[in-house]
Amino acid sequence: DLDLTYHKYYINRSGIFDVKYIPDDLYSSKIDPYLNNRIIDLGFSDKNYFDMYFKGYKLPKTYIHLINGFFLDNEYNIISLNDAKKILANTKEFVIKPSVTSYGGRDVLFFHEPSLNEINDLLDSLPSKNLIFQEVIKQSKITESFHKDSINTIRIITLLIDNKVRILHSVLRYGVNNSRVDNANSGGRFCGINEDGTFYNTAFDLYGNEYNLPIDETFLSKYKIPCMGKINSLVTDLAQKFPHFRLISWDIALDSYNEPVIIEANFNMGDVDIIQPIFGPFFGKYTDDVLNEVYFNKPNDFINPKNYYDQFI
């Protein structure tokens with residue numbers, strides 16, 4: 001009872017005819033819940049704890065954590081509202097992101113040399129009890145060339161299978177129309193990255209519309225991501241630390257020195273719709289292994305959270 005509409009769409013966009021495309025409905029309802037523990041993913045996905053999880057790796061500097069309504073400094077010490085105001089008053093530029101249940105760049109706010117009144121108004125009427133206040137990184141001239149107003153990131157997918165972390169695909173996501181975020185749900189576009197760091201010459205939006213890249217052919221032939229091997233090693237090293245989440249979508253920025261910076265780890269629902277229109281089947285040569293495990297092995301206990309909670313009733 002497969003809905004072949006998904007196959008038709010992906011084939012039409014990628015030009016690759018293949019039976020192994022993953023339909024979005026099966027991916028969301030069967031495959032992702034098998035590979036990723038949805039009972040605990042909300043806590044692990046809280047951006048406020050990335051400084052703990054990824055300690056020793058390069059991340060944007062955090063000025064303030066707001067966790068469940070409590071302000072904490074960058075060392076996770078509880079501070080007062082006035083202390084939080086003082087920290088931001090001494091910060092030239094910062095970005096505020098929802099730390100939980102965030103998606104698509106929703107409710108991300110940027111501040112440049114805010115006045116004391118702006119800071120007071122902001123902290124006296126916060127939109128959420130869970131926010132993270134971070135530096136705005138200065139990105140590589142390579143990624144900036146796609147769209148200068150947004151921090152453009154490399155989305156790279158890792159899969160833990162056969163006791164090894166595998167790199168599936170990489171895309172560059174970039175903003176459009178003066179947007180400060182690169183998310184596809186906010187109108188951003190994405191183009192494929194080859195294994196050697198060179199770019200595909202076309203891009204897509206979330207609805208499958210195809211675009212020429214916003215850079216000239218001279219740039220496209222000359223430049224590439226200079227450290228794809230380093231980025232692959234980084235996410236491979238990190239992914240093996242989270243076996244509860246076997247399919248992770250990493251968002252990595254390049255700083256002004258072309259060094260990778262961890263922006264986010266998405267511990268569920270890495271979007272097949274930004275991968276398959278470019279590369280073809282999401283799991284590629286691992287498709288049979290994934291499907292055999294999901295459909296013929298004993299189900300994981302956490303596939304249905306309701307079953308987990310029912311045991312305590």
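**Reading a predicted fold, step by step**

Modeller: Asn 178 sits in the loop between strand 7 and strand 8 (189–192). Keep in mind that this is a predicted model.

Colleague: What is the phi of Asn 178?

Modeller: General idea first. Most residues other than glycine have a negative phi. Now the case here. Asn 178 is not a glycine, yet its phi is positive, about 65°.

Colleague: Is Asn 178 buried or exposed?

Modeller: Look at the relative accessible area. Over 50% counts as exposed. Asn 178 has 61%, so it is exposed.

Colleague: Which residue in the loop between strand 4 and helix 6 can I compare?

Modeller: Take Glu 113, which is found in that loop. Its phi is positive too, near 45°, and Glu 113 is not a glycine. Its relative accessible area is 52%, so Glu 113 is exposed.

Colleague: Where does a positive phi turn up in a hairpin?

Modeller: Go to the hairpin of strand 1 and strand 2. Two residues lie between the strands, and Asn 68 takes a positive phi near 55°. The two strands run antiparallel and are joined by three bridges.

Colleague: In what order do the strands of the open sheet come?

Modeller: Five strands make an open sheet in the order 2-1-5-3-4, with antiparallel pairing. Strand 2 (70–72) and strand 4 (109–112) are the edge strands, each pairing on one side only. From one strand to the next, the twist averages 15°.

Colleague: How many bridges pair strand 1 with strand 5?

Modeller: Four. Strand 1 (residues 62–67) and strand 5 (residues 131–134) pair in the antiparallel sense. Thr 62 has Gln 134 of strand 5 as its bridge partner. Ile 64 stands opposite Phe 133 in strand 5.

Colleague: What pairs strand 3 with strand 5?

Modeller: Four bridges join them, and they run antiparallel. Val 95 has Gln 134 in strand 5 as its bridge partner.

Colleague: Which way do the residues of strand 5 point?

Modeller: Here is the rule. In a regular strand the side chains alternate between the two faces of the sheet. Now apply it. Leu 131 and Phe 133 point one way from strand 5, while Ile 132 and Gln 134 point the other way. All of them are buried.

Colleague: How many residues of strand 1 are buried?

Modeller: Six of the six, so strand 1 is largely enclosed by the rest of the structure.

Colleague: Which helix packs on the sheet?

Modeller: Helix 5 does. It touches strand 1, strand 2, strand 3 (93–98) and strand 5. Its direction makes about 150° with that of strand 1.

Colleague: At what angle do helix 5 and helix 6 cross?

Modeller: Compare their axes. Those of helix 5 (residues 81–89) and helix 6 (residues 116–124) come within 10 Å and cross at roughly 140°. That makes helix 5 oblique to helix 6. The crossing is right-handed.

Colleague: Which residues make the contact?

Modeller: Helix 5 brings Leu 81, Ala 84, Lys 85, Leu 88 and Ala 89. Helix 6 brings Leu 116, Ile 119, Asn 120, Leu 123 and Asp 124. Sort the contact residues by type: seven are nonpolar, one is polar and two are charged.

Colleague: Is Ser 170 buried or exposed?

Modeller: Under 20% relative accessible area counts as buried. Ser 170 has 6%, so it is buried. Ser 170 lies in strand 7 (residues 164–174). Setting aside neighbours within four places in sequence, its contacts include Ile 154, Gly 192, Met 228 and Phe 279.

Colleague: What about Ser 233?

Modeller: Ser 233 lies in helix 9 (residues 228–239). Its relative accessible area is 49%, so Ser 233 is partly exposed. Now look along the chain and then across space. Ser 233 and Ile 167 are 66 residues apart along the chain, and their C-alpha atoms are separated by 9.6 Å.

Key: Residues numbered from 1 in each chain as written. Predicted model: local features only at pLDDT ≥ 70, side-chain atom pairs only at ≥ 80, totals over all residues. Heavy atoms only, no water. Axes fitted to C-alpha atoms, helices over the stretch in contact; angles between N-to-C directions. Parallel < 35°, antiparallel > 145°, perpendicular 65-115°, else oblique. Left-handed = near helix turned anticlockwise from the far one by under 90°. Contact = heavy atoms within 4.5 Å. Nonpolar A, V, L, I, M, F, W, Y, C, P; charged D, E, K, R; others polar. Buried < 20%, exposed > 50% of the residue type's maximum accessible area, 1.4 Å probe, protein only. Pairing = 2+ DSSP bridges.
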